[in-house]
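Here are my notes for a first look through this one. Have the model open beside you and take the points in order.

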Amino acid sequence: MADQNFDLVVVGGGPGGYVAAIRAAQLGMKAAVVERETLGGICLNWGCIPTKALLRSSEINHILHHLGDFGFSADNIRFDLDKVVKRSRAVAKQLSSGVAHLMKKNKITVVDGTAKLAGKGTLSVEKDGKPVATLKAKHIILATGARARELPGVESDKKLVWTYRDAMVPTMMPKSLLVIGSGAIGIEFASFYRDMGAEVTVVEVMDRVLPVEDEEISAFARKSFEKQGIKILTSAAVKGVKKGADTVTVTVEAGGKSQEITVDRVISAVGIVGNVEGLGLEGTGVKVDRTHVVIDEYCRTGEPGVYAIGDLAGPPWLAHKASHEAVVCVEAIAGLHPHPINWGNIPGCTYCRPQVASVGMTEAKAKAAGHEVKVGRFPFIGNGKAIALGEVEGMVKTVFDARTGELLGAHMIGAEVTELIQGYVIARTLESTEAELIETIFPHPTVSETMHEAVLDAYGRVIHF
């Protein structure tokens with residue numbers, strides 16, 4: 001490939017990178033994407049999408065084993081793990097191919113290789129250690145994502161100790177499993193494997209599961225998981241891992257006591273680290289803080305003409321955050337004056353059973369920030385549609401500023417709350433107060449009515465509970 005000049009080059013073709021390139025093309029820029037693996041990045045190929053396909057299978061398996069609740073009966077219910085995994089991979093491949101189509105449609109140049117900064121406005125690209133191209137661009141967006149953090153002594157061997165990648169393509173269904181970490185990734189895999197029949201133990205170093213969520217939601221989730229048979233150890237640390245021929249013995253310390261837990265497989269889900277290595281950041285104005293590139297509200301780094309988006313640029317580590325940063329960044333480059341990113345309006349979703357979703361401040365953070373709060377709650381058991389669906393395990397919690405009526409935060413757990421949360425996200429984006437939400441007419445019968453009731457409850461007006 002000959003040397004080429006572009007208006008914008010994006011390093012990384014994930015949900016931040018490819019969206020940045022498309023938006024640039026829409027705005028008349030000549031754009032290129034450098035991708036060393038597969039278009040779509042971790043999200044489409046090894047993250048958001050294939051895990052949801054797996055979780056759909058485990059959800060169906062759960063329903064099949066509770067057919068009696070709906071008046072059905074069936075014998076000899078079983079699954080083919082190989083087909084479950086193949087379906088997940090096929091879903092990922094379909095979407096990755098779709099991104100390749102979008103690149104062609106928008107006339108975006110895709111370069112296969114690994115890029116690094118090589119002087120002002122210059123990127124050198126290599127493949128298998130050999131030079132591929134030298135790309136010139138006035139603007140360069142780094143979107144190289146992140147990878148799984150590995151605990152010393154608990155590194156993946158792809159057989160007994162797994163990362164999320166290994167856990168997505170199992171060749172056998174373990175009878176027992178220990179998950180280290182109860183963030184979104186750890187809990188989703190715990191939920192998947194439990195619903196597929198494995199005995200699951202979760203070890204969390206913090207004092208509660210899903211520690212970024214509101215404390216009430218975390219407590220509700222723990223009770224639900226334990227009712228399903230998941231064993232949960234909080235304020236606990238893994239002190240050692242001893243591998244056998246086909247089992248792993250994990251030493252866990254909690255409450256001053258140590259215990260050994262022997263399982264078939266271990267999943268390490270203890271966070272991620274940014275892919276900052278090999279980008280040629282040395283000698284530039286780009287600052288790195290704990291493996292993540294430091295940016296401002298328009299995704300600018302300390303180096304003129306160099307930007308960073310997505311997981312590389314720090315938390316929250318979410319695909320939709322990366323995509324939004326991509327659009328804001330490119331529009332700012334184009335001089336369109338977009339609204340700066342408000343990270344407080346980025347929803348978080350965890351696709352375990354029951355699902356968890358939230359946006360804005362927890363009750364504790366709102367109080368710590370000096371707000372006098374009004375808090376509303378509504379349980380799914382009070383909702384007609386939830387009862388009809390057989391999905392009564394859940395609740396919605398709203399947090400308002402008592403003086404202004406601002407919706408400070410919303411927190412949900414239950415069936416399909418990852419779809420419902422967007423209503424509150426829109427409300428926060430529009431700067432709605434309780435008045436607009438109370439006046440909004442919610443359709444009946446829907447689970448979304450719980451959202452209305454939780455607002456009403458904050459102001460002493462709840463109807464159905």
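Which residues make a nonpolar surface patch of about 400 Å²? I381, I387, V392 and F465 do. Before the rest, some ground rules: this is a predicted model, where local features need pLDDT of at least 70, side-chain atom pairs count only at pLDDT 80 or more, and totals for chains, interfaces and linings use all residues. Residues are numbered from 1 along each chain as its sequence is written, and side-chain values use heavy atoms, with hydrogens and water left out.

1. The patch. Patches are built from residues with over 30% relative accessible area and no salt bridge, joining like charges within 9 Å and nonpolar side chains (Val, Leu, Ile, Met, Phe, Trp, Tyr) within 5 Å. The areas come from the Shrake-Rupley method with a 1.4 Å probe, and for residues only the protein chains shown count as cover. Helices (H or I, at least four residues) and strands (E, at least two) are DSSP runs, numbered from the N terminus. V392 counts as partly exposed because its relative accessibility is 35%; buried means under 20%, exposed over 50%, and partly exposed in between (1.4 Å probe, protein chains only).

2. Helix α1. Eight of the 10 residues of α1 are buried, so this helix is largely enclosed by the rest of the structure. The buried ones are G17, Y18, V19, A20, A21, I22, R23 and A24. They pack against β1 (4-11), β2 (31-35), α4 (81-105), β6 and α8, where contact means heavy atoms within 4.5 Å. After α1 comes G28, with a positive phi near 85°.

3. α1 against α8. Two packed helices are described by the angle between their axes and the distance between the axes. For α1 (residues 17-26) and α8 (residues 319-333), the axes come within 8 Å and cross at roughly 35°. Axes here are lines fitted to C-alpha atoms, for helices over the stretch in contact, with angles from 0 to 180 degrees between N-to-C directions. The crossing is right-handed; that is the clockwise case, while left-handed has the near helix turned anticlockwise from the far one by less than a right angle. On the α1 side the contact uses V19, A20, R23 and A24, and on the α8 side S323, A326, V327, V330 and E331.

4. α3 and its two partners. The axes of α3 (residues 48-64) and α6 (residues 184-195) come within 8 Å, crossing at roughly 35°, and this crossing is left-handed. Among the α3 residues that meet α6 are L54 and L55, and the α6 side includes F189 and F192. With α4, the α3 axis again comes within 8 Å, but the angle is roughly 145° and the crossing is right-handed.

5. Most residues other than glycine have a negative phi, and most peptide bonds are trans. Please look at the P315 to P316 bond, which is cis with omega near -5°; P316 is in the loop between β19 (306-308) and α8. R353 and P354 are also joined by a cis bond, with omega about 0°. Positive phi values turn up at D128, near 55°, and at K158, about 65°. D128 counts as exposed at 71% relative accessibility, and K158 is exposed at 62%.

6. Salt bridges. How many are there? The count comes to 23, taking a salt bridge as a side-chain nitrogen of Lys or Arg within 4 Å of a carboxyl oxygen of Asp or Glu. In one of them K243 pairs with D157, the closest N and O atoms being 2.8 Å apart. That pair links K243 in strand β12 (residues 236-243) with D157 in the loop between β7 and β8, 86 residues apart.

7. K397 meets D214 in a salt bridge (2.8 Å, N to O). K397 lies in β23 and D214 in the loop between β10 (199-203) and α7 (215-227), so the pair ties together parts that are 183 residues apart in sequence. K397 is buried at 1% relative accessibility, as is D214 at 3%. E363 bridges to K397 too, at 2.7 Å between the closest N and O atoms. D214, E216, E363, K367, R377 and K397 are linked in a network of salt bridges.
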